[in-house]
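Please read them with the structure open.

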Amino acid sequence: NKTRLFQQKIFSSKHHEALFTKQLMNLPILPTIKKTSYDAFIPQTPSLFMLNVTKRRMTSLGKTQGKLVILGFKLLKDIDTKHYEVMVISPSTPLLASSSVGTLEFRCVVEPVRRYSPKIQYYQAYADSVDLEKKIIHCTSNLDRKKDKFDIQYDTLVVAVGANSNTFCIPGVGDYALFLKDISDARKIRQRVIECFEHASQPNVTKEEAAGLLHFAVVGGGPTGVEFSAELHDFITEDMARLYPNLINSVTMTVYDVAPQILGSFDQSLRDYAIKKFTRKGIHIRTGARVETVKERHLIINDIGEVPYGMLVWATGLTDNPLTRAMGEHIMQDQSAKRLLTDHYLRVLSKDNGMPINNV
């Protein structure tokens with residue numbers, strides 16, 4: 001029974017239980033202890049470490065297991081702050097598409113980050129690089145006007161930084177397009193939509209100029225671009241139409257994608273459903289359209305030429321994060337996907353010897 005209890009608590013899946021049953025049965029018989037915590041049943045024997053099994057949530061060190069630094073947010077809500085001193089480093093708050101057009105208020109997205117637990121330390125900063133030998137993270141503040149650099153020491157590091165928007169090195173994208181990555185992007189998008197309507201309502205603006213200002217372009221026919229387009233359409237037809245009834249008939253929306261069809265990774269029935277819905281809503285879909293250059297008020301597309309726009313949202317996919325790129329000098333990477341490689345316990349692998357790094 002003690003061996004079974006040890007198996008069930010240490011390994012979270014039946015696959016791992018079956019895989020290690022033979023090795024576990026060779027462990028020495030455990031002493032009878034009246035504690036109910038499974039921590040009491042972990043034997044202190046060298047054979048356990050030869051199995052590359054990491055002990056979890058041991059209470060023998062007192063209140064803390066050391067400083068656990070998380071680069072990103074996803075894991076934050078599942079961390080037990082009783083056993084770790086938890087610190088989070090991230091340049092921004094993750095974005096939900098609904099917040100960019102007001103369906104979700106910004107407070108609904110921002111506030112929970114610090115409200116997970118008052119014991120969590122949060123720094124709004126970029127993690128530039130990691131010194132794996134000294135266990136130090138080199139960071140740069142992301143606060144306005146203050147780009148201070150500082151270092152954070154860690155005992156255990158979780159890398160969950162995600163990816164960056166892929167611009168494919170197209171000129172002008174970084175300068176004039178808006179992205180869908182964090183809360184600051186959502187604020188810019190919402191403000192830009194309102195500015196377009198306000199500008200188009202000026203008395204000295206011609207109908208042609210108003211039509212260009214009220215053309216909302218989305219580059220990227222994947223799930224992100226499609227979801228945002230639907231949210232933006234609802235925002236314009238339900239909210240902006242009440243404020244600017246004379247301009248609503250001049251509004252156009254277009255989704256551009258270089259692929260032959262949108263939602264290429266989805267089932268054909270789902271693609272047909274999305275196309276049917278967009279057609280009914282009046283959202284134009286232009287596939288096979290390759291953006292060559294982006295200017296301040298128009299973009300240049302192959303076979304089409306110059307296309308004026310009031311707001312351009314770029315949602316063409318992802319590329320590796322600069323931190324992931326920097327860590328690739330010391331950690332094994334999948335060159336095709338540009339991601340860090342790990343073993344079955346999500347420990348990154350050293351580039352020198354291919355062995356797992358236990359605390360990363």
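1. Salt bridges. The count comes to seven salt bridges, where a salt bridge is a side-chain nitrogen of Lys or Arg within 4 Å of a carboxyl oxygen of Asp or Glu.

2. Basis. This is a predicted model, in which local features need pLDDT of at least 70 and side-chain atom pairs count only at pLDDT 80 or more, while totals for chains, interfaces and linings use all residues. Residues are numbered from 1 along each chain as its sequence is written, and side-chain values use heavy atoms, with hydrogens and water left out.

3. Arg192 and Glu195. The closest N and O atoms of this salt bridge are 3.3 Å apart. Both residues lie in helix 6, three residues apart, about one turn of the helix. Helices (H or I, at least four residues) and strands (E, at least two) are DSSP runs, numbered from the N terminus. Buried means under 20% relative accessible area, exposed over 50%, and partly exposed in between (1.4 Å probe, protein chains only). Arg192 counts as buried because its relative accessibility is 16%, whereas Glu195, at 37%, counts as partly exposed.

4. Asp239 and Arg242. Their side chains meet in a salt bridge of 3.1 Å, N to O. Both lie in helix 8, three residues apart, which is about one turn of the helix. Asp239 is partly exposed at 30% relative accessible area, and Arg242 is exposed at 62%.

5. Asp320 and Arg325. This salt bridge is 3.1 Å, N to O. Asp320 counts as buried at 10% relative accessibility; Arg325, at 46%, counts as partly exposed.

6. Helix 6. What should the 18 residues of helix 6 (residues 183-200) span at 1.5 Å a residue? The expected span, 1.5 Å times one less than the number of residues, is 26 Å, and the end C-alpha atoms are 26 Å apart, so the two agree. The buried residues of helix 6 include Ile183, Ile189, Val193, Cys196 and Phe197.

7. Cysteines. A disulfide is a pair of cysteine sulfur atoms within 2.5 Å, and by this rule the count comes to zero disulfides. Cys196 is buried, with a relative accessible area of 0%. Cys169 is exposed, with a relative accessible area of 75%.

8. An open sheet of five strands has the order 8-15-9-10-11, with parallel pairing. Strand 8 (178-179) and strand 11 (283-287) are at the edges with a single partner strand each, so one side of each has no neighbour in the sheet. Two strands pair if DSSP finds at least two bridges between them.

9. Strand 9 and its partners. Strand 9 (residues 215-219) pairs with strand 10 (residues 252-257) in the parallel sense over five bridges, and His215 has Thr252 as its bridge partner there. Four bridges join strand 9 to strand 15 (residues 311-314), also in parallel. In strand 15, Met311 is the partner of Phe216 and Leu312 that of Ala217. Strand 9, helix 8 (residues 223-243) and strand 10 make a right-handed β-α-β unit; right-handed means that, with the strands pointing away from the viewer, the path from the first strand over the helix to the second runs clockwise.

10. Burial of strand 9. Are the faces of strand 9 covered or open? Both are covered: His215, Ala217 and Val219 on one side and Phe216 and Val218 on the other are all buried. In a regular strand the side chains alternate between the two faces of the sheet.
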